[in-house]
Amino acid sequence: MSIETDFVQANPESIEARPLKKAFDFDVCIIGTGRVGLPLGLSFLGAGLRSVGIDVDEQLREEVNQGRMPFSEPGYDELVARRDFQVLGDPSTVSRSSAVIITVGTPLHNHIETDLSQIERVLGQIAPHLRAGQLVCLRSTVAPGTTEFVRKWLERHTEFRIGVDLYLAFCPERIAEGKAYKELHSLPQIVGFTDDESGMRAMALFGRLTEEVLPTDFVTAELVKLFNNILRYVHFALANQFTMIADDFGANIYEAQRLANYKYPRSFLASPGFTAGTCLRKDFGMINEWSAYPDMLLSAWKLNEFMPAFLVENLLKRTSLHDKRVAVLGFTFKAGTDDLRDSLAPKLWRYIHRQLPLEIRISERHVPDPIPEPSVGSPRNWSVDDALDDVDIVFVATNHDGYREALISLGKRSPDTWVADLWNVGEVDQIFYQAGRLTEEIAK
Ligand SMILES: NC(=O)c1ccc[n+]([C@@H]2O[C@H](COP(=O)([O-])OP(=O)(O)OC[C@H]3O[C@@H](n4cnc5c(N)ncnc54)[C@H](O)[C@@H]3O)[C@@H](O)[C@H]2O)c1
């Protein structure tokens, strides 16, 4: 299917001109109003659609229905405060909506195996409430073949036929957390479908958010989403591998990166860092589960997962962690977010913990105190100043703003303190250094 030709064919007049069904109370119902579903529902509201949500999380429902964002996603405070987007617990709400979009979680099982349970549960809950003429869009990130599974599931468990009296499309979410408000309008929307009517309806719906809607088949749409994420994951893994290679040779990875990228049009070497988060850490498994042998995707996983051990092992070549006071700056999976899910920082914490330090002080200003991370015992959340007071060793786990200034101040009063700074937030151009290096660098 050629995107160019099919897009033109599938786009008579304008997608926006196609009316949404008025026989329903809502134009769109989002099932699973988490980090993906809530911004989406609010953006549809902002685009003038009557949108509603369904979620099993009672606390989340309460927060949204009282006009507050349950997590940080810039740009949405005003829309949520209008309280026009309500999140309900009752799955029968789907019967009141022209379109239904499924955005529940799709983790991996403990083994490398896609976990379809949340999607199957949603299908079971909504099946009795589906009505003829509705559009169902799957938007969770899924393994290739999942939309076809949903098609067969719906045809087995309802009286409807896809493309005849019920419509189905796969419309992947490709936003980066923290950028949803802009990217839901600026990113082209891929729409996978098997019959034209489903495609037309899904394109009409997402055409209300974004100008470019790109039609394709189910599996291609599923793969494009996975390829986008896996590409980033492998790219970052390579940057992390280059970091370890440079370290083995006693070379400076940050300088090497700058030189490699400087005015060289074929280089886009990424910076080293902790690469994880709910999407990047698991999406490779949705393809890798079909491979019997170690491959590049599995190697990328291994490399990225190794970085906390790399930091601890190499710090131990310089100083001991045993009986020391250790600070960990940042705990979320990436800079500027309050999302702790699938962060590599708890893994770092556990490797530090194995050395039996006196104390591990975590400072993460984006989350409450105590830190809601049961895997490390929901520890106290220290302010940066308190965490760095009289500390022996600092690990920078997340590259939030403001850490360079805090490390400079540490360097002035405690120059011998060791810092493990994979992200180079101190701009010293070394992964391991003593805090006094910061003041020396500034004095140069
Ligand atoms: N977070 C991202 O930046 C991002 C980006 C692109 C794609 N994705 C994908 O989008 C999907 C959702 O991710 P997320 O980060 O929004 O997850 P999330 O956990 O924040 O949201 C999922 C929501 O679904 C709700 N839920 C679970 N089962 C339910 C049910 N049976 N009925 C109603 N609600 C139910 C949960 O309570 C939760 O609020 C995943 O497949 C993920 O891989 C995420």
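This is a predicted model: local features need pLDDT of at least 70, side-chain atom pairs count only at pLDDT 80 or more; totals for chains, interfaces and linings use all residues.
Local features require pLDDT of at least 70 and side-chain atom pairs count only at pLDDT 80 or more, whereas totals for chains, interfaces and linings use all residues. Residues are numbered from 1 along each chain as its sequence is written, and side-chain values use heavy atoms, with hydrogens and water left out.

**Domain arrangement**

- The chain comprises domain 1 (3–216) and domain 2 (240–443), with bounds taken from an automatic or database domain assignment.
- The centres of the two domains, taken over C-alpha atoms, are separated by 36 Å.

**Interface between the domains**

- In domain 1, 15 residues are in contact with 16 residues of domain 2, contact meaning heavy atoms within 4.5 Å.
- About 1,200 Å² is buried between domain 1 and domain 2, and carbon and sulfur atoms give 54% of this area; buried area is the accessible area (1.4 Å probe) that two parts lose on being put together, summed over both.
- Between the two domains there are 3 salt bridges, each defined as a side-chain nitrogen of Lys or Arg within 4 Å of a carboxyl oxygen of Asp or Glu.
- Arg35 and Asp338 form a salt bridge in which the closest N and O atoms are 2.8 Å apart.

**Ligand surroundings**

- The ligand is surrounded by 26 residues, each having a heavy atom within 4 Å of the molecule.
- The closest of these residues are Val36, Asp55, Thr106, Thr141 and Lys282.
- Thr106 places a polar side-chain atom 2.5 Å from an oxygen atom of the ligand, and a side-chain N or O atom of Lys282 is 2.7 Å from an oxygen atom of the ligand.
- A nitrogen atom of the ligand lies 3.0 Å from a polar side-chain atom of Glu177.
- Of the 830 Å² of accessible area that the ligand has on its own, the protein covers 89%; accessible areas come from the Shrake-Rupley method with a 1.4 Å probe, and for residues only the protein chains shown count as cover.

Definitions and conventions
A polar contact is a pair of N or O atoms within 3.5 Å; within protein, one must be able to donate a hydrogen and the other to accept it, and residues adjacent in sequence count only if both atoms are side-chain atoms.
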